[in-house]
Amino acid sequence: MDIKNPLDLTGKNLAKTSKALDKLGIDIEEELTGMQSFGRDLETLIADKEVSLDELWKLADDPKIVEQLKKAGYDGAIFKETGDRGTSYAIFNPKQAMTKS
(Lines give C-alpha, C1' and ligand atoms only; values in the text may rest on other atoms or scores of the structure.)
Protein backbone atom coordinates (compact mmCIF):
# COMPACT_ATOMS: atom_id res chain seq x y z
CA MET A 1 0.00 0.00 0.00
CA ASP A 2 1.22 3.43 -0.86
CA ILE A 3 -0.55 6.12 1.18
CA LYS A 4 1.19 9.48 1.44
CA ASN A 5 -1.55 11.79 2.74
CA PRO A 6 -4.27 9.86 4.59
CA LEU A 7 -7.09 11.39 6.60
CA ASP A 8 -6.60 10.17 10.16
CA LEU A 9 -9.94 8.92 11.49
CA THR A 10 -8.40 7.07 14.46
CA GLY A 11 -9.07 9.86 16.93
CA LYS A 12 -5.38 10.60 17.57
CA ASN A 13 -5.87 14.20 16.47
CA LEU A 14 -9.62 14.61 16.56
CA ALA A 15 -9.59 18.42 16.52
CA LYS A 16 -7.51 18.51 13.32
CA THR A 17 -9.66 15.87 11.61
CA SER A 18 -12.86 17.61 12.68
CA LYS A 19 -11.65 20.93 11.24
CA ALA A 20 -10.56 19.28 7.98
CA LEU A 21 -13.98 17.69 7.49
CA ASP A 22 -15.76 20.95 8.35
CA LYS A 23 -13.56 22.84 5.88
CA LEU A 24 -14.61 20.41 3.14
CA GLY A 25 -18.26 20.98 3.99
CA ILE A 26 -18.88 17.34 4.87
CA ASP A 27 -21.87 17.14 7.20
CA ILE A 28 -20.60 14.43 9.51
CA GLU A 29 -23.71 14.44 11.65
CA GLU A 30 -26.04 13.72 8.74
CA GLU A 31 -23.64 11.29 7.06
CA LEU A 32 -23.05 9.15 10.15
CA THR A 33 -26.34 9.37 12.03
CA GLY A 34 -28.68 9.69 9.07
CA MET A 35 -30.62 12.34 10.96
CA GLN A 36 -31.12 16.03 10.42
CA SER A 37 -27.97 17.94 11.16
CA PHE A 38 -27.72 20.38 14.04
CA GLY A 39 -24.33 21.59 12.83
CA ARG A 40 -22.27 19.60 15.32
CA ASP A 41 -18.73 18.76 14.27
CA LEU A 42 -17.00 15.39 14.62
CA GLU A 43 -15.33 16.33 17.88
CA THR A 44 -18.69 17.24 19.46
CA LEU A 45 -20.47 14.15 18.10
CA ILE A 46 -17.86 11.88 19.65
CA ALA A 47 -17.85 13.78 22.95
CA ASP A 48 -21.67 13.54 23.04
CA LYS A 49 -21.42 9.80 22.24
CA GLU A 50 -23.60 10.25 19.16
CA VAL A 51 -20.85 8.70 17.02
CA SER A 52 -17.97 6.39 17.93
CA LEU A 53 -14.53 6.18 16.38
CA ASP A 54 -15.22 2.69 15.05
CA GLU A 55 -18.04 4.09 12.87
CA LEU A 56 -15.80 6.47 10.92
CA TRP A 57 -14.92 3.81 8.33
CA LYS A 58 -18.28 4.67 6.77
CA LEU A 59 -16.77 7.93 5.51
CA ALA A 60 -14.16 6.03 3.47
CA ASP A 61 -16.92 3.82 2.08
CA ASP A 62 -18.99 6.68 0.66
CA PRO A 63 -18.00 7.52 -2.95
CA LYS A 64 -19.24 11.12 -2.65
CA ILE A 65 -17.13 11.76 0.46
CA VAL A 66 -14.10 9.96 -0.98
CA GLU A 67 -14.29 12.21 -4.04
CA GLN A 68 -14.32 15.31 -1.81
CA LEU A 69 -11.36 13.98 0.17
CA LYS A 70 -9.42 13.21 -3.01
CA LYS A 71 -10.03 16.74 -4.31
CA ALA A 72 -8.65 18.06 -1.01
CA GLY A 73 -5.44 16.05 -1.50
CA TYR A 74 -6.12 13.01 0.68
CA ASP A 75 -5.15 9.70 -0.89
CA GLY A 76 -6.55 7.39 1.77
CA ALA A 77 -7.86 7.10 5.30
CA ILE A 78 -6.80 5.43 8.53
CA PHE A 79 -9.50 4.31 10.93
CA LYS A 80 -9.99 2.33 14.13
CA GLU A 81 -11.67 -1.05 13.97
CA THR A 82 -14.32 -2.19 16.42
CA GLY A 83 -13.00 -3.28 19.82
CA ASP A 84 -9.36 -4.35 19.90
CA ARG A 85 -9.18 -5.36 16.25
CA GLY A 86 -6.66 -2.66 15.46
CA THR A 87 -6.32 -0.11 12.71
CA SER A 88 -7.34 -0.34 9.06
CA TYR A 89 -6.32 1.62 6.00
CA ALA A 90 -8.36 2.61 2.97
CA ILE A 91 -6.82 3.66 -0.32
CA PHE A 92 -8.70 5.93 -2.69
CA ASN A 93 -7.01 4.72 -5.88
CA PRO A 94 -6.51 1.06 -6.80
CA LYS A 95 -3.06 1.91 -8.16
CA GLN A 96 -1.97 2.51 -4.55
CA ALA A 97 -2.25 -1.23 -3.87
CA MET A 98 1.09 -2.90 -4.37
CA THR A 99 1.73 -6.55 -5.03
CA LYS A 100 4.96 -8.46 -4.93
CA SER A 101 5.77 -10.45 -8.01
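I began with Thr-10, which I found in the loop between β1 (6–9) and α1 (14–23), and I keep in mind that the model I am reading is predicted.

I then followed the side chain of Thr-10 to its polar partners. The side chain makes a polar contact with the side chain of Asp-8 at 2.5 Å, and the side chain of Thr-10 also reaches the backbone nitrogen of Lys-12 at 3.4 Å.

Which residues does Thr-10 touch, not counting those up to four places away in sequence? I noted Leu-53, Ile-78, Phe-79, Lys-80 and Thr-87.

From this one residue I turned to the whole protein, where I counted 5 helices and 3 strands, and along the sequence they follow the pattern β-α-α-α-α-α-β-β. The radius of gyration is 14 Å, close to the 13 Å that the globule rule gives for 101 residues, so the protein is as compact as a globular protein of that length. The C-alpha trace spans about 50 × 30 × 20 Å along its principal axes.

Buried residues make up 35% of the 101 residues.

The protein exposes about 6500 Å², of which carbon and sulfur atoms supply 49%. I listed 15 positive and 19 negative side chains, and the centres of the two sets lie 7 Å apart.

Terms used:
Residues numbered from 1 in each chain as written. Predicted model: local features only at pLDDT ≥ 70, side-chain atom pairs only at ≥ 80, totals over all residues. Heavy atoms only, no water. Helix = DSSP H or I, 4+ residues; strand = E, 2+ residues; numbered from the N terminus. Rg over C-alpha atoms; globule rule 2.2 N^0.38 Å. Buried < 20%, exposed > 50% of the residue type's maximum accessible area, 1.4 Å probe, protein only. Areas by Shrake-Rupley, 256 points an atom, 1.4 Å probe, with all protein chains shown as cover. Lys, Arg positive; Asp, Glu negative; His and termini not counted. Charge placed at Lys NZ, Arg CZ, Asp CG, Glu CD. Polar contact = N/O pair within 3.5 Å; in protein donor to acceptor, adjacent residues only side chain to side chain. Contact = heavy atoms within 4.5 Å.
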